[in-house]
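Visitor: I'm new to this one. Could you walk me through how to read it, one feature at a time?
Guide: Happy to. Let's take a look.

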Amino acid sequence: MLRWASSVALFAACLAAQDGRYADPLGRFSLQPPAGWSTQASPDGNVVFRDPGGRVSLGVAPTALAEPTTLAAASAAFGELLRKRQGLTVKPAGDEDLQIGETAARRSSFDLSAGLNELRLESTFVLLPETLLTLTATAPAHLFAQHRDHVRAAVQSLRLGGEQQRPPAGDVDRQLAALEAARAAGVVDEQEYATKKKALESKRSAKTTPDPELPKKLQALEAARAAGVITEAEYARKRADLLDARKPAAPDAPAAAPQDAPAPPPERPAAKGALYQHPIGFQLWHPQGWKVLPQEECLQLMPPDPSGTAEAPHEIYLLIGDAIEDEDLKSPDDPRVGQYLDQQLQSIAPVLRRQGAPTAVAMARGKGARYEWRGQMEGQPEVVARGYACIIKNYGIALLAIGFPKDLDKREATLRQIFASFGFGEGKKDPALVGTWSLLATTSLRNDSPYETSWSRARLVSDTSSTLTFAADGSWKRIDRHHMIAMGAGVAIEDKSEKQSQGTWNAADGGLFMIWSDKTWEDYRYELRRTERGTELRLITGNTGQVWQRQ
């Protein structure tokens, strides 16, 4: 659970524009799906749009090209791939060359039948640099005609490319962009970055305004922001006013603590809330109406009034983390924390760029740091990511907020209150699991070739027995004993081996979390059942299931 995680599909959905236009997280394309259709993005970069009835779909699949190709070759290869599928009858229904904007494309249609099901498939191929974009519409044959115009309009709305980072406006902006890149790559440390950035911004401000007090005002504004005296929205507006000189500069901010001094602890709102505790012991407070939803390798925090839709949310809040006992990390503003988060976020959306140095955030336990990233693809609204990171009891924990600025701004105070409550207590342990469980599996393979004699036929018998013990003190031990005997042609080979593993465990509410001695871990869903043979423990992780019996 609580691991550093990217949650790619959720993040990609967050990048959908507010007007319903879908934007590829990597900036390769965008398009307007038919009104009312749902959007489902997958970690491999594909996206599928479906009509409300779920029977008509439009999928977009970007495929990296190992060598140059043509539209005709791509169409032919796609048709050949369809014909190789067993149980599927494929009948070509025509090809058509067309233009999407100023880009050449090729549309290929196929009539498919599988048993009693008849489908119409229409694929449009578009070539990008080193990438083939395939847009495939699929529908039952009798429904395709009524949806064809909507699907083709969506395909025609395709726009290729998207700026990964807006070009700087001048020499100072180019230097600032280069400085940001150097910092992200680890070429300059945080102190050197802050010093150089301050000098460059002072240089730029000198060109745009004659105000000799501007550097002091900017410094005071940064300090006020770090201390929590002003909100992020106020900070952005006042900073823009100072740098652009478009309106009278705001008065100097009140004196504030240095940037590395934490702000006063936020006051808990009068509204009621609840304390959430994960089985491993991690706990947080959240306001009434918020939900904590377990996801794969992370937790999702859901406000009572989320913006957007389930298919295209405009705001997402994820809790991620990992054990860092061997990383020698002492502070959440350690450059390695920022660099790691940079890599995770930019692997999903390269347009995101970290904004300045992390600022201190008050917590009930320990020290917190706040990070921010911003990015904008061509023709799309700006997207913001904010990270609230801390280190508690050898665990690195981060609350990530991803969405549109106006949606995140209104949650800022609440997120700081949730983050300030982070802590670890005693983990939960289901007493029903305490004891020793056994898993026994025997497999026999025999070579019955008619060309072998009964003496020379090889026999292989393999027997593996496993025991798993959960102790009441939170420790566990597993012993796997393997015994193999291979016989053939008068020769017998015997192999015995034993493997022991151990660590700590927590379990509650159907979730079992086993941490190995090397700090790796695995999480399972578990269920206890009473059978004629006794009590069984059923464990499921991914697509793998195990059945253990109490000894």
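Visitor: Which side chains meet Glu412 in a salt bridge, and how far is it from N to O?
Guide: Start with Arg416: its side chain meets that of Glu412 in a salt bridge, at 2.8 Å from N to O. Bear in mind that this is a predicted model.

Visitor: How are Arg416 and Glu412 placed in helix 10?
Guide: First, the general idea. An α-helix has 3.6 residues a turn, so residues three or four places apart point the same way. Here, Arg416 and Glu412 are four residues apart in helix 10, which separates them by about one helical turn.

Visitor: Are Arg416 and Glu412 buried or exposed?
Guide: The cut-off for buried is under 20% relative accessible area. Arg416 has 17%, so it counts as buried. Glu412 is buried too, at 9%.

Visitor: What does Arg386 form with Glu412?
Guide: Another salt bridge, with the closest N and O atoms 3.3 Å apart. Arg386 sits in strand 19 (residues 383-392) and Glu412 in helix 10 (residues 412-420), so this pair ties together parts that are 26 residues apart in sequence. Both Arg386 and Glu412 are buried.

Visitor: Which residues are linked with these in a network of salt bridges?
Guide: The network links Arg370, Glu372, Arg374, Glu382, Arg386, Asp409, Glu412 and Arg416.

Visitor: And how many salt bridges does the structure hold?
Guide: It holds 26. One of them joins Arg538 to Glu536, with 3.2 Å between the closest N and O atoms.

Visitor: What does Phe419 touch, leaving out residues up to four places away in sequence?
Guide: Phe419 touches Val361, Met363, Gly368, Ala369, Tyr388, Ala389, Cys390 and Leu399. Cys390 is itself buried, at 2% relative accessibility.

Visitor: Since a cysteine has come up, how many disulfides does a search of the whole structure find?
Guide: A disulfide is a covalent bond between the sulfur atoms of two cysteines. The search finds zero of them here. As for another cysteine, Cys298 is buried, with a relative accessible area of 0%.

Visitor: Now for sheets. What is the order of strands in the open sheet of three?
Guide: Strands of a sheet pair through backbone hydrogen bonds, either parallel or antiparallel. This open sheet has the order 1-2-10, and its pairing is antiparallel. Strand 1 (22-23) and strand 10 (159-160) stand at the edges with a single partner strand each, so one side of each is left without a neighbour in the sheet. Two bridges join strand 2 (residues 29-31) to strand 10, and Phe29 has Leu160 in strand 10 as its bridge partner.

Visitor: Where is the place of Thr467?
Guide: You'll find Thr467 in strand 23 (residues 459-470). At 19% relative accessibility, Thr467 counts as buried. Leaving out residues up to four places away in sequence, Thr467 touches residues including Thr436, Trp437, Lys477 and Trp548.

Visitor: Let's zoom out. How many helices and strands are there in the protein chain?
Guide: There are 10 helices and 29 strands. The chain has 551 residues, and buried ones make up 44% of them. Among contacts between residues at least 6 apart in sequence, 54% join residues at least 24 apart. Finally, the accessible surface comes to about 28500 Å², with 51% of that belonging to carbon and sulfur atoms.

Key:
Residues are numbered from 1 along each chain as its sequence is written. This is a predicted model: local features need pLDDT of at least 70, side-chain atom pairs count only at pLDDT 80 or more; totals for chains, interfaces and linings use all residues. Side-chain values use heavy atoms; hydrogens and water are left out. A salt bridge is a side-chain nitrogen of Lys or Arg within 4 Å of a carboxyl oxygen of Asp or Glu. Buried means under 20% relative accessible area, exposed over 50%, partly exposed in between (1.4 Å probe, protein chains only). Contact means heavy atoms within 4.5 Å. Two strands pair if DSSP finds at least two bridges between them. Accessible areas come from the Shrake-Rupley method with a 1.4 Å probe; for residues, only the protein chains shown count as cover. A disulfide is a pair of cysteine sulfur atoms within 2.5 Å.
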